[in-house]
Amino acid sequence: MNDYDQDPVQTTVGILGGGQLGRMLSLAGYPLGMRFRHLDPKPGAPTSSLDEQVQADYDDPEALDEFARGVDVVTYEFENVPVKSARRLQEHVDVFPPPEALEVAQDRLPEKEFFGDLGMDTAPYRRVDSRDDLNAALANLGPPAVLKTRHGGYDGKGQRIIETGADVEEAWEELGGQPLLLEGFVGYDREVSMLGVRARDGETAFYPLVENHHVQGILYASHAPAPETEPAVQRKAEEYSRRALEALDYVGVLAIEFFQVGDRLLANEMAPRVHNSGHWSIEGAETSQFENHMRAVTGLPLGLTDPVGHSALVNVLGTIPEIPSVLDIPGAHLHLYEKSPRPRRKLGHVTVRCDDEREAADRVKRLHAVLKAEEEARKSAGS
Ligand code: AMP
């Protein structure tokens, strides 16, 4: 018997997925007395050094039953969880966010229809199931236009911009033969995202809009709160998020990405989970998106979503930077995900937080220089 024999664990949470989002959910839940079990088909997932793992496919019925045994609630960290699996788990245990949210988010067509039904603007779009459909859609919407797969696209994968006749051929060759969508090209001012959270009792809370910058379809940097945001635009984004949360009887964090054109917000896509553009909230908000997601799904009251100063998030892509150089920047917080380096892979992120907006910008410049130096060093070493 020693002094540590008391076990304060109150809730065991099952998380479908063992990636960095699952890892940051666990890290946020531990101080609240939670413990975690993850289901992930791959060995050595980023959660494996922290939590219990069930290594199996997401549609393996026996593994799902084993995973669900003894957990109080199940949530997920990515949107391509098979809906059938989420429903099977629901027979044993509460699953939040509701599987209906997965259904909407897994297919760009119902997702766009969902946005439209809730009164949100989107880019104009047409369903494309054949080459004839594509010609008709192009005659209607463009070029320029963007051809996208309806399922499974992420980080800019599964889409092609069509500007010329030659692009049509290439895009069709690459993407044809699966359900597609053609979207009119939006000349947006910027990309922003709204993270909303809804508790089991229906309470909602919203983070400030975040401005996002992508490189080759992958999120590279986010600024929160999004600079120079009109209060009316923030209110509109919150209203859109609220409608989506309520329509789905949602529990947890929901991310919606928008193209901003003037004071209009065109909904592009949603993720029924915590989101990369919300990582800044670990240091930059009163309560992080991860903690609020865990609070919501376990039936706890939500925490305040107010920002604490200005934050910039920069993803660590492909190469681990020199850690002391990053940490030497005032206000910089490094998060590594225990993933092995591979070109363009998300290996971690850095959040730079600062009370003064201009000073925050200077610190971010320093951070970019550190990350770039590392990238250059790696290239010249030929690794
Ligand atoms: P998505 O997979 O829909 O998030 O698209 C990835 C990126 O492609 C977006 O972040 C935009 O930068 C760009 N993009 C996607 N759809 C459009 C569009 N309809 N018009 C202009 N740019 C787009």
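Predicted model: local features only at pLDDT ≥ 70, side-chain atom pairs only at ≥ 80, totals over all residues.
**View 1. Packing of helix α2 against helix α3.**
Helix α2, which spans residues 61–68, packs against helix α3, which spans residues 83–90, at an angle of about 45°, and their axes lie 10 Å apart. That angle makes α2 oblique to α3, and the crossing of the two helices is right-handed. On the α2 side the contact involves Pro61, Leu64, Asp65, Phe67 and Ala68, and these residues meet Ser85, Arg88 and Leu89 of α3. Sorted by class, the residues of this contact comprise five nonpolar, one polar and two charged.

**View 2. Packing of helix α6 against helix α7.**
Here helix α6 (residues 131–141) and helix α7 (residues 165–175) pack at an angle of about 140°, with 12 Å between their axes. Because angles over 145 degrees count as roughly antiparallel, whereas the remaining range that holds this value counts as oblique, α6 and α7 are described as oblique to each other. The crossing of α6 with α7 is right-handed. Arg131, Leu134 and Leu138 are the α6 residues in the contact, and they meet Val168, Glu169 and Trp172 of α7. The contact of α6 with α7 divides into four nonpolar, no polar and two charged residues.

**View 3. Crossing of helix α1 and helix α10.**
The axes of helix α1 (residues 20–29) and helix α10 (residues 289–297) come within 8 Å and cross at roughly 75°, and the two helices are therefore roughly perpendicular to each other. From α1, the residues that make the contact are Leu21, Met24, Leu25, Ala28 and Gly29, while α10 contributes Phe290, Glu291, His293 and Met294. Divided by class, the contact of α1 with α10 has six nonpolar, two polar and one charged residues.

**View 4. Surroundings of the ligand.**
The ligand is surrounded by 14 residues, of which the closest are Lys148, Gln159, Val186, Glu191 and Glu269. Val186, one of these closest residues, places a backbone N or O atom 2.9 Å from a nitrogen atom of the ligand. A polar backbone atom of Gly184 is 3.0 Å from a nitrogen atom of the ligand.

Methods
Residues numbered from 1 in each chain as written. Heavy atoms only, no water. Axes fitted to C-alpha atoms, helices over the stretch in contact; angles between N-to-C directions. Helix = DSSP H or I, 4+ residues; strand = E, 2+ residues; numbered from the N terminus. Parallel < 35°, antiparallel > 145°, perpendicular 65-115°, else oblique. Left-handed = near helix turned anticlockwise from the far one by under 90°. Contact = heavy atoms within 4.5 Å. Nonpolar A, V, L, I, M, F, W, Y, C, P; charged D, E, K, R; others polar. Near = heavy atom within 4 Å. Polar contact = N/O pair within 3.5 Å; in protein donor to acceptor, adjacent residues only side chain to side chain.
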